[in-house]
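I set out to record what I looked up in this structure, entry by entry. The sequence and structure come before my notes.

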Amino acid sequence: MVIMPRAPTAPPVPGRHALVPGPPVPGTPSPGAGPEHCELYSPGALFSWPELQAMAADGVLTQLYQRGYLPPGSHASPQLRARAASLVLAPAIRQRVVAGRMTAAWIYGCATEPDRLALLVDANRRISSLRSVRGCTFHEVRLGPFDVVSMGGLMVSSPLRTAVDVAMHVDVERAVPALRALLARPGLGVRLRLLRLAVEASPRVPHKRAALAKLAALTAEPAAPD
């Protein structure tokens, strides 16, 4: 069981099960650090996956993603989404991949839950050994030193790199709403002018043209100021 600590302030919702918080995950904030930090439950020694699903059916838990569950009313922060996504991957694989594209946009709270994790693999690493992993798509890319951040036990593409990849590689129907959401969150630091410059610097001409068309579609919509 993976738990991000904060003791619940109210009794659990009545049902067949009761939750017992375990020890904190190393590197997570201490109890009382803020309302965004709460328990994330996953299959382990204390609860099996069927038991977690049963608790979700009883209203004791709500499913965040795949095998990750939260107490009802908990705030799903980017850290918790990243932690829930990391549970899908074996520990050895987590160290070799970066959550990107629409998966990263979801982690930042700017897209819907992905059906499959979109994972980036640096071109310097071998991708062939990863293709048999289920529930994921792998994309061999070149990653710069500022393209990756670490959160929730998972490497995630930075907000700007996420926006560039969404503009370049995601269909317009999904890309434009996600880009609009990324631009609308000042805390992510994505600005339309900077995003356009990053896209224009790409050597991939066909993808670049499609991306610039998506950015042009954003100009008719309210966006965060440059």
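**Entry on the model.** I note at the outset that this is a predicted model.

**Entry on aromatic pairs.** I asked how many aromatic pairs a search of the whole structure finds. The search returned 1 aromatic pair. Its partners are Tyr-65 and Trp-106, and I recorded the arrangement as tilted, with 5.0 Å centre to centre and 45° between the planes. I then looked up where the partners sit: Tyr-65 belongs to strand S1 (residues 62-65) and Trp-106 to helix H4 (residues 101-107), so the pair ties together parts that are 41 residues apart in sequence.

**Entry on the cover of the pair.** Are the two partners buried or exposed? I found Tyr-65 to be buried, since its relative accessible area is 1%. Trp-106 is buried as well, with a relative accessible area of 5%.

**Entry on Arg-83.** I located Arg-83 in helix H2 (residues 78-86). I counted Arg-83 as buried because its relative accessible area is 12%, and buried means under 20%. Next I asked which backbone oxygen lies 3.5 Å from a polar atom of the Arg-83 side chain. That oxygen belongs to Gly-152.

**Entry on helix H5.** I looked up how many residues of helix H5 (residues 159-169) are buried. The count is 9 of its 11 residues, and I therefore list the helix as mostly covered. Among the buried residues of H5 I noted Pro-159, Arg-161, Asp-165 and Met-168. The list also includes Thr-162, Ala-163, Val-164, Val-166 and Ala-167.

Terms used. Residues numbered from 1 in each chain as written. Predicted model: local features only at pLDDT ≥ 70, side-chain atom pairs only at ≥ 80, totals over all residues. Heavy atoms only, no water. Buried < 20%, exposed > 50% of the residue type's maximum accessible area, 1.4 Å probe, protein only. Helix = DSSP H or I, 4+ residues; strand = E, 2+ residues; numbered from the N terminus. Polar contact = N/O pair within 3.5 Å; in protein donor to acceptor, adjacent residues only side chain to side chain. Phe/Tyr/Trp six-rings, centres within 6.5 Å; stacked < 30°, edge-to-face > 60°.
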